[in-house]
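Please look through the model shown here slowly, and keep it in view while you read the paragraphs that follow.

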Amino acid sequence: MEHTARTAFFEELKARASHWTADLRTLFQADPNRASTFRVKGAGICLDFSKHWLDQPTWTWLCQQVDHMGFREIQRELLKGARLNYTENRAVLHLALRGQADDPFSLDGKGVMPDVLHERARCDRFADGIRQGEIRGHSGQRFTDVINLGIGGSDLGPLMACQALEPFRGNGPKTHFVSNVDPAHWGSVASTLDPHKTLVIVASKTFTTQETMTNARHAKDWISRGLGPAAVADHMIAVSTNLSAVRAFGIQEERMFPFWDWVGGRFSLWSAIGMALRCQIGSEQFSALLAGARAMDQHFLDTPLESNLPVVLALLGIWYRNGFDLRSHAVLPYSQRLARFPAYLQQLEMESNGKRIDHHGHELSWHTAPVIWGESGTNGQHAFHQWLHQGTDIIPVDFLLARETVEEDQEGQLLLIANGLAQAEALAFGEAHPDPHRNMPGNRPSTLIGIERLDPQNLGALIALYEHKTMTQGAIWGINSFDQFGVELGKRLCHALLPTFQDPNHSNASAFSSSTQAWVEWMRNTD
Ligand code: F6P
């Protein structure tokens, strides 16, 4: 879509928003069927968007606009392996990672499924071998613990999913995650573990990321010191696209698990990057995760836009961000096991859509990704919900709910879900009170997203829901959701800065501002 047509869309969106007056109480009073009109289902997920500043004409108009933007064509390109990541000339094919043998995913005219299935089977065999004790440590002991060393997409997805699916571990190893370059992170995890029984996964798409490679060296030393250098081969594996760097690090061929440059880091859980989770829950449960995501893919590709779950989330976000200039969006899982889901979404949405240049190189005249944040309910209720209910900002909220718990305590689950529903009700309808301090204004929008239970299948669908939401918003904003050049400058400056700590007269020092130079001095403790 041309820049001018997109500009016209955002201008009309703003104009419609500026004329919006109806509040949620009035909307519900006017339409007794509102809860069912704005309720959609797919891939095991039920989504209620009735508590939004929406009426039928606005909703129909929004959906038509996405249709006119050629959105269906973009979806078809996903299957054909089009180079949607055009700034890096890379295809976007993470959907193939949850695909099946006869799926049409291809790159440059060649099907990718044979390679995907081959590597998937290798990962499955390895993970099940660890779980069943067929693959053991250097001294013949079973692996009881797995440490994943990675950061960003090589950490957040596996970490979030391992926490979410802990009840499915059975006899599998416990998983641990080290991401931060802060030595305290590695130290606090390693100090609790026995190297004889620990497998270390170095998860890095590029195998150059400073944090991960630093932690990988700590791990290598730890294993060498504890078990001797020969043990490293048995206790370290690597997941990467950069196999020559993996070899140079000293990891053997059969312990390398490759993936492809057409998998973006934040979309990579489904690849070998999910190895820690595979070890934790086993290949069968991991297949259920993939099946759940695939079900959402099919829903996304086949369902009309008005009842397409990812499109619904995407359009609500655009309506508030670009129509009403709301800058923040909260995701509140009423599930302790999904506590890291908001952090995972921060990378997914903010790294993907934190952009300001369109396909033609023009600076955008509209806003893109809002701040994404959140905390598990009910903890957030005793921290920031006051601000959500009575603060001066309006924050659209996603409430994530599960009908059943996988633990025994179904009564506790009722208490949890009653809290979530009560919060959505209070946000939407408030309560009139003569004392302005006690008055609850209401009219604060939220979406309720329900799954049957937090199991691998439903988690897969939930993650894929947000992946497609992110991609859909990127397509509407007219940006490339698949690169992340914004994180590069800081990395380069950090490399340039390091030698100046040792030598303040290093030629790099003068390139930095007087402020930074003063902090280097402060680190040297010489002022
Ligand atoms: O934060 C930048 C980034 O490149 C992310 O996109 C990526 O997920 C993360 O770093 C880790 O990269 P790698 O897997 O190459 O170590």
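Rings of Phe, Tyr and Trp (its six-membered ring) count as a pair if their centres lie within 6.5 Å, and planes under 30 degrees apart are called stacked, those over 60 edge-to-face and the rest tilted. By that rule the structure holds 23 aromatic pairs. One of them joins Trp 53 and Phe 324, whose ring centres are 4.9 Å apart with planes at 70°, so the pair is edge-to-face. Because Trp 53 lies in the loop between S2 and helix H4 (56-68), and Phe 324 in the loop between helix H13 (309-323) and strand S10 (328-333), the pair ties together parts that are 271 residues apart in sequence. Helices (H or I, at least four residues) and strands (E, at least two) are DSSP runs, numbered from the N terminus.

The model is a predicted one, in which local features need pLDDT of at least 70 and side-chain atom pairs count only at pLDDT 80 or more, while totals for chains, interfaces and linings use all residues. Residues are numbered from 1 along each chain as its sequence is written, and side-chain values use heavy atoms, with hydrogens and water left out.

Turn next to the sheet. Strands of a sheet pair through backbone hydrogen bonds, either parallel or antiparallel. Here five strands form an open sheet in the order S6-S5-S7-S8-S9, with parallel pairing, where two strands pair if DSSP finds at least two bridges between them. Strand S6 (174-178) and strand S9 (256-258) stand at the edges with a single partner strand each, so one side of each is left without a neighbour in the sheet. Further in, strand S5 (residues 145-149) and strand S7 (residues 198-203) pair in the parallel sense over five bridges, and Asn 148 has Ile 201 in S7 as its bridge partner.

A pocket is an open set of points on a 1 Å grid over the protein atoms alone, where a 1.4 Å probe fits and protein lies on both sides within 12 Å along at least five of seven lines; lining residues have an atom within 4 Å of a point. A volume is the space filled by probe spheres set on the points, which are joined across faces, edges and corners. The largest pocket has a volume of about 780 Å³, and of the 36 residues that line it, the closest to its centre are Thr 206, Thr 209, Gln 484, Glu 488 and Lys 491. The largest share of this lining, four residues, comes from H18. The second largest pocket holds about 420 Å³ of space.
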